[in-house]
Amino acid sequence: MMDRIKKELNDSMKKVSDGLKHQLTKIRTGRASPAILDGLMVDYYGTPSPLKQVGQVSTPEARLLQIQPFDKTMINAIEKAILGANLGVTPANDGNLIRIPFPALTEEKRKDQVKQIKKMGEDSKVAIRNSRRDQNEVVKKAEKAKTISEDDSKKFQADIQKITDEHIKEIDKIISNKEHELMTV
């Protein structure tokens with residue numbers, strides 16, 4: 001029983017930390033990151049298509065993204081999609097490729113983003129604690145149903161807490177790394 005609980009707990013908590021990592025890729029740090037364009041859909045002859053399917057994204061410089069469309073007729077649609085995504089950047093279209101310069105962030109903007117990052121971290125920790133609560137309830141129900149002993153229940157809950165602490169530490173590390181990246185650009 002405990003193996004199943006540990007697996008479910010680790011799986012749900014891993015999803016939370018993976019989700020946080022994915023969310024953090026969307027936060028602009030002043031460095032050009034192709035991940036900021038993940039999920040961007042381009043109107044490809046009436047069909048919304050991911051940007052990666054209509055062009056190649058590269059980072060020739062630390063603060064510049066470059067998009068080379070596979071089909072040159074798509075360049076205006078790509079530019080329109082980037083402008084419509086409200087990413088806080090302005091694409092430059094030269095007819096062959098699109099360049100997206102990333103200006104340096106102001107100190108105020110960095111501090112605002114750090115607050116946003118910390119809030120995301122707290123939200124993730126809440127989700128992890130909710131997973132802990134759910135699994136603790138499973139253990140308590142099993143104890144009430146007399147399928148496990150009180151000692152086993154306490155041991156299982158201690159194991160659940162240990163797993164929770166590990167995942168909370170992982171969230172703190174992710175947030176700390178992103179904050180460091182943001183403030184040292």
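Me: Why does Asp 159 count as buried?

Reply: Asp 159 lies in helix 5, a helix being a DSSP run of H or I with at least four residues, numbered from the N terminus. Its relative accessibility is 18%, and buried means under 20% relative accessible area, exposed over 50%, partly exposed in between (1.4 Å probe, protein chains only). Therefore Asp 159 falls on the buried side of the cut-off. By the way, this is a predicted model, where local features need pLDDT of at least 70, side-chain atom pairs count only at pLDDT 80 or more, and totals for chains, interfaces and linings use all residues. Residues are numbered from 1 along each chain as its sequence is written, and side-chain values use heavy atoms, with hydrogens and water left out.

Me: Which residues is Asp 159 in contact with, leaving aside its neighbours within four places in sequence?

Reply: Met 2 and Lys 6, where contact means heavy atoms within 4.5 Å.

Me: What makes Lys 154 exposed?

Reply: Lys 154 is also in helix 5, which covers residues 150–183. Its relative accessible area is 53%, so it clears the exposed cut-off.

Me: Why are helix 1 and helix 4 called roughly antiparallel?

Reply: Helix 1 (residues 2–25) and helix 4 (residues 107–144) have axes that come within 10 Å and cross at roughly 170°. Axes are lines fitted to C-alpha atoms, for helices over the stretch in contact, and angles run from 0 to 180 degrees between N-to-C directions. Angles under 35 degrees count as roughly parallel, over 145 as roughly antiparallel, 65 to 115 as roughly perpendicular and the rest as oblique. The pair is therefore roughly antiparallel. Among the contact residues are Leu 9, Met 13 and Val 16 of helix 1, and Ile 117, Ala 127 and Ile 128 of helix 4.

Me: What makes helix 1 and helix 5 roughly parallel, then?

Reply: Their axes come within 11 Å and cross at roughly 10°, so they count as roughly parallel. The contact includes Lys 6, Leu 9 and Leu 20 of helix 1 with Asp 159, Ile 160 and Ile 175 of helix 5.

Me: How many residues does the largest nonpolar core have, and what makes a core?

Reply: The largest one has 24 residues, and those with the most contacts inside it include Leu 20, Ile 128 and Ile 160. A nonpolar core is a set of buried Ala, Val, Leu, Ile, Met, Phe, Trp, Tyr and Cys residues joined through side-chain atoms within 4.5 Å. Helix 1, helix 4 and helix 5 each supply at least two residues, and helix 5 gives the most, with 8. There is also a second, separate core of 19 residues, including Ala 32 and Leu 40.
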